[in-house]
Amino acid sequence: DAYNRENKASIPYTQSLSDSQLGSIKWVDCSGYNKSDNVLVKSAKGVEMLTALKWLDMNWNRLTTLDVSKNIALKELCAGSNKLTTLDVSNNTALT
């Protein structure tokens with residue numbers, strides 16, 4: 001994965017990451033395209049911990065709310081084909 005490559009690490013996905021590690025993640029792809037319903041993302045809780053995040057793909061999931069207002073480095077957000085009723089991008093001036 002990108003974190004392990006960039007940091008010459010070998011952290012398995014099941015291990016808890018430190019706040020520092022979470023704060024260094026720049027790219028996340030959680031697209032649910034062509035995935036079964038039982039693996040689709042239903043909550044983006046915790047995304048605010050990814051403070052260096054520049055690119056986030058949450059397309060084709062089951063999100064009803066998405067708050068990326070604390071992800072101020074975010075330049076690209078893909079969140080189509082969800083069931084969003086709330087989307088907070090109030091502090092995301094870098095979004096294109």
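Which residue's side chain meets that of Asp37 in a salt bridge? The partner is Arg62, with 3.2 Å from N to O. This is a predicted model. A search of the whole structure finds 1 salt bridge.

**The salt bridge**

The pair links distant parts of the chain. Asp37 sits in the loop between strand 1 (27–29) and strand 2 (55–57). Arg62 sits in the loop between strand 2 and strand 3 (65–67). The two residues are 25 residues apart. Side chains of opposite charge can pair when their charged atoms come close. Asp37 is partly exposed, at 44% relative accessible area. Arg62 is also partly exposed, at 35%.

**The loops around strand 2**

Ser31 belongs to the loop between strand 1 and strand 2. Is Ser31 buried or exposed? Ser31 counts as buried, because its relative accessibility is 16% and the buried class covers values under 20%. The side chain of Ser31 reaches the backbone nitrogen of Tyr33 at 3.3 Å. Beyond its neighbours within four places in sequence, Ser31 is in contact with Asp57, Asn59, Trp60 and Asn61.

Trp60, one of those contacts of Ser31, is found in the loop between strand 2 and strand 3. Trp60 is not a glycine, yet its phi is positive, at about 60 degrees. Trp60 counts as partly exposed, at 43% relative accessibility.

Asn34 has a positive phi of about 60 degrees too, and is not a glycine either. Asn34 lies in the loop between strand 1 and strand 2. Asn34 counts as exposed, because its 71% relative accessibility falls in the class over 50%.

**Ser69 and its surroundings**

Ser69 lies in the loop between strand 3 and strand 4 (76–78). Ser69 is buried, with a relative accessible area of 7%. Which side chain does the side chain of Ser69 contact? It makes a polar contact with the side chain of Asp67, at 2.6 Å. Ser69 also touches Asp88, Ser90, Asn91 and Asn92, with residues up to four places away in sequence left out.

| Residue | Relative accessible area | Class |
|---|---|---|
| Asp37 | 44% | partly exposed |
| Arg62 | 35% | partly exposed |
| Ser31 | 16% | buried |
| Asn34 | 71% | exposed |
| Trp60 | 43% | partly exposed |
| Ser69 | 7% | buried |
| Leu87 | 44% | partly exposed |

**The nonpolar core**

How many residues does the largest nonpolar core have? The core has 14 residues. Those with the most contacts inside it are Leu50, Leu53 and Leu56. Leu50 touches Leu22, Ile25, Val28 and Asn71, not counting residues up to four places away in sequence.

Leu22 lies in helix 2 (residues 19–22). Leaving aside neighbours within four places in sequence, Leu22 is in contact with Leu17, Met49, Leu50 and Thr51. Leu22 and Glu6 are 16 residues apart along the chain, and their C-alpha atoms are separated by 13 Å.

**A nonpolar surface patch**

Which residues form a nonpolar patch on the surface? They are Leu84, Leu87 and Val89. Together they have about 210 Å² of accessible area. Leu87 has its place in strand 5 (residues 86–88). Leu87 is partly exposed, with a relative accessible area of 44%.

Methods
Residues are numbered from 1 along each chain as its sequence is written. This is a predicted model: local features need pLDDT of at least 70, side-chain atom pairs count only at pLDDT 80 or more; totals for chains, interfaces and linings use all residues. Side-chain values use heavy atoms; hydrogens and water are left out. A salt bridge is a side-chain nitrogen of Lys or Arg within 4 Å of a carboxyl oxygen of Asp or Glu. Helices (H or I, at least four residues) and strands (E, at least two) are DSSP runs, numbered from the N terminus. Buried means under 20% relative accessible area, exposed over 50%, partly exposed in between (1.4 Å probe, protein chains only). Patches are made of residues with over 30% relative accessible area and no salt bridge: like charges are joined within 9 Å, nonpolar side chains (Val, Leu, Ile, Met, Phe, Trp, Tyr) within 5 Å. Accessible areas come from the Shrake-Rupley method with a 1.4 Å probe; for residues, only the protein chains shown count as cover. A polar contact is a pair of N or O atoms within 3.5 Å; within protein, one must be able to donate a hydrogen and the other to accept it, and residues adjacent in sequence count only if both atoms are side-chain atoms. Contact means heavy atoms within 4.5 Å. A nonpolar core is a set of buried Ala, Val, Leu, Ile, Met, Phe, Trp, Tyr and Cys residues joined through side-chain atoms within 4.5 Å.
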